[in-house]
Amino acid sequence: MSETAEPAVTYDPSQADPLWACPQCAATLTIADATVSCQACSRVWSKSPDGYLDMLSAGPYWGEIPHAQAEQLVEMTRSLGPEAAWNALRPGLTDPALPDYALSPRRGAFLPALLPDGRGRALDIGAGYGAVARCLTRYFQHVVALEPVRERVAFLALCGTPGPGRLDAVRGSWWSIPLCVESLDLVTVIGVLEWVGMEPPGHRGAASPRELQREFLSSLRSLLKPDGRVIVGIENRYGLDLWRGAPDHLGHRYTSLVPRWLADRIVRSSRGGFSRLFHGDSFHKSYPEYRVWTYSSRSYQKLFLEAGFSSVEVLPCWGSYVWPELVGGSDDVAQRLEPRVARGRGRLLKRSAWRVAGSLVTRSLAPSFFIVAER
């Protein structure tokens with residue numbers, strides 16, 4: 001990645017691009033130098049000087065670093081470039097590994113084996129600082145990165161791309177994606193599906209998190225071409241790290257392992273966990289409940305089929321979906337894990353036991369999954 005800050009590829013000033021659709025009325029959008037507009041419902045959205053299309057009138061900040069640091073990151077990226085900006089912030093970061101999370105091409109290490117045959121257009125939802133979206137430009141002609149947080153999408157747009165594909169950065173909501181139906185070969189949803197249930201009251205009524213997740217997945221399916229696919233990276237509700245006491249998304253321990261009603265009581269009685277993980281205003285102020293739902297392998301498969309997908313494959317991921325180490329079918333991953341398991345005293349017995357139960361253990365206790373769903 002270059003040290004100089006180069007804006008992402010911006011929109012061509014053509015009159016109409018069949019990719020883009022109004023998120024309000026679904027009419028084709030008109031593209032101009034500084035604005036994008038809908039002639040049907042008279043909505044107009046502006047393009048930021050940093051190179052992204054802003055389709056949100058408002059929205060609270062939340063993220064891994066304080067708001068002031070996020071603003072400072074964008075300002076320094078404009079003048080220094082992304083790597084130098086993160087390195088300048090590194091001494092003051094609570095987590096010094098964040099620059100690697102934001103920039104490392106390893107974030108997209110899972111991609112090559114899971115991609116569809118079609119390599120025209122891809123959408124990355126909840127793109128964050130853009131590591132996965134930038135990796136997609138190596139494989140697709142056109143990538144759209146959708147991210148609701150202004151500072152993240154500004155940083156993303158300033159980074160440039162490592163591949164030949166065009167990258168358009170959009171600040172927008174996952175409930176109002178400004179793209180035409182059947183326009184995409186791929187949608188990536190990395191670390192987002194679990195948060196879909198945290199919708200504020202009134203937006204989707206009193207729907208359960210699972211109902212909201214199913215509705216969200218169904219809307220993504222409608223954006224895919226007939227042979228398109230969705231790739232989702234998400235935690236396993238019963239992952240080995242959670243049995244060891246790793247905190248959940250709201251900062252609590254063991255909540256994913258107990259019944260939902262008990263997890264809800266835990267969250268209602270203790271509101272401090274979330275603030276330890278994220279900064280800024282966030283969904284939890286609207287919903288003091290346990291609504292960040294994850295599932296087992298079998299339940300994920302059922303959820304995607306209910307959303308209308310024709311086929312679903314749930315692949316164990318060891319490491320995590322953020323930093324994938326081993327990704328593949330249960331038998332394949334179990335075979336590759338065998339040398340780690342069958343070590344030390346009694347290794348012959350360990351090897352025999354692992355060959356009998358390794359596939360089940362791998363599927364049941366993997367920390368994360370990559371879910372590949374065909375339209």
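Helices (H or I, at least four residues) and strands (E, at least two) are DSSP runs, numbered from the N terminus. By that assignment the protein has 12 helices and 14 strands. This is a predicted model, in which local features need pLDDT of at least 70 and side-chain atom pairs count only at pLDDT 80 or more, whereas totals for chains, interfaces and linings use all residues. Residues are numbered from 1 along each chain as its sequence is written, and side-chain values use heavy atoms, with hydrogens and water left out.

**The whole chain**

Begin with the entire protein displayed. Of its 375 residues, 54% count as buried, where buried means under 20% relative accessible area, exposed over 50%, and partly exposed in between (1.4 Å probe, protein chains only). The protein exposes about 16400 Å², with carbon and sulfur atoms supplying 52% of that area; accessible areas come from the Shrake-Rupley method with a 1.4 Å probe, and for residues only the protein chains shown count as cover. A contact means heavy atoms within 4.5 Å. Among contacts between residues at least 6 apart in sequence, 67% join residues at least 24 apart.

**Helix H10**

Select residues 297-306, which form helix H10. Ser297, Tyr300, Leu303 and Phe304 are buried there. These four cover an arc of only 120 degrees around the axis, which puts them on the same side of H10; the arc is that of the directions from the helix axis to the C-beta atoms. An α-helix has 3.6 residues a turn, so residues three or four places apart point the same way. On the other side of H10, Arg298 and Lys302 are exposed.

Just after H10, Gly308 takes a positive phi of about 105 degrees.

**H6 against H10**

Keep H6 and H10 in view. Their axes are 8 Å apart and the helices pack at an angle of about 55 degrees. Axes are lines fitted to C-alpha atoms, for helices over the stretch in contact, and angles run from 0 to 180 degrees between N-to-C directions. H6 and H10 are therefore oblique to each other; angles under 35 degrees count as roughly parallel, over 145 as roughly antiparallel, 65 to 115 as roughly perpendicular and the rest as oblique. The contact is made by Arg210, Gln213, Arg214 and Leu217 of H6 and by Ser299, Lys302, Leu303, Phe304 and Glu306 of H10.

**H1 against H5**

Move to helix H1 (residues 67-80) and helix H5 (residues 150-158), whose axes come within 9 Å and cross at roughly 20 degrees. H1 and H5 are therefore roughly parallel to each other. To see the contact, show His67, Ala70, Glu71, Leu73, Val74, Thr77 and Arg78 of H1 with Glu151, Ala154, Phe155 and Leu158 of H5.

Select Ala26, in the segment before strand E1 (30-31). Ala26 has a positive phi of about 70 degrees although it is not a glycine, and is exposed, with a relative accessible area of 58%.

Tyr254 lies in the loop between helix H7 (240-243) and helix H8 (260-269). Tyr254, although not a glycine, has a positive phi of about 70 degrees; with a relative accessible area of 42%, Tyr254 is partly exposed.

Finish at Ala109, in the loop between helix H3 (98-103) and strand E6 (121-125). Ala109 counts as partly exposed at 47% relative accessibility. The C-alpha atoms of Ala109 and Cys135 are separated by 8.7 Å, the two residues being 26 residues apart along the chain.
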